[in-house]
Amino acid sequence: MDSSLYRGGFRGEYESPNARNTIVVKIHRSEKNSDGHILLIRNPFDAIISEFNRKNSRGHTGHAKKEVFSKPIWDDHVRQMANRWLTMYKKAIGYGNVHVLYFENLKEDLAENLKEIVKFLDRNNPGLETR
C-alpha cells in the first residue's frame, strides 16, 4: 500500500482485494482466491528501468541520476527484477482465469483494450456490460 497514492486520490489503495465492494482492485501481486486476474504485462526492459528510477529518485515520476546506472546497484537491480518479473507473471498465469493485457497495446489502442477488459469482467460479473 502506498500512502502517497492514497493521498493523491487513489482511495482503493488501502482497500482489501477481498472486500467485494469493487469490480477491479489494482495489486502488485497475484491473489489465488480471486474471481480472476487482469494481468498487465509491461516490456521487462521498460519495467526494470521504471522501477529503478522510482527507487532511486524522489517518487513515482522521477529519474535516477545517469551515473547510478554504471554502479553495481544497477546490475544487482537488473538481476533481481528480471527474476521477479518472470516469476510474478508465471505465477499469475498459473492461477487461471486470466485476461492478459500488454501495456504497450493499451497505450496504442485504449478503446479496444477497454472493450476486451469489460468482456472479461462481464464473464465474472454477468450484466456488467449493460450497467
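Author: Asn-53 has its place in helix α2, where helices (H or I, at least four residues) and strands (E, at least two) are DSSP runs numbered from the N terminus. This is a predicted model, in which local features need pLDDT of at least 70 and side-chain atom pairs count only at pLDDT 80 or more, whereas totals for chains, interfaces and linings use all residues. Residues are numbered from 1 along each chain as its sequence is written, and side-chain values use heavy atoms, with hydrogens and water left out.

Asn-53 counts as buried because its relative accessibility is 9%; buried means under 20% relative accessible area, exposed over 50% and partly exposed in between, with a 1.4 Å probe and protein chains only. Leaving aside residues up to four places away in sequence, Asn-53 touches Gly-62, His-63, Ala-64 and Phe-69, a contact being heavy atoms within 4.5 Å.

Ala-64 also belongs to the largest nonpolar core, whose 6 residues are Ile-48, Phe-52, Ala-64, Val-68, Trp-74 and Met-81; such a core is a set of buried Ala, Val, Leu, Ile, Met, Phe, Trp, Tyr and Cys residues joined through side-chain atoms within 4.5 Å. Helices α2 (44–55) and α3 (72–94) each supply at least two residues of this core. A second, separate core has 5 residues, among them Leu-101, Leu-106, Phe-120 and Leu-121.
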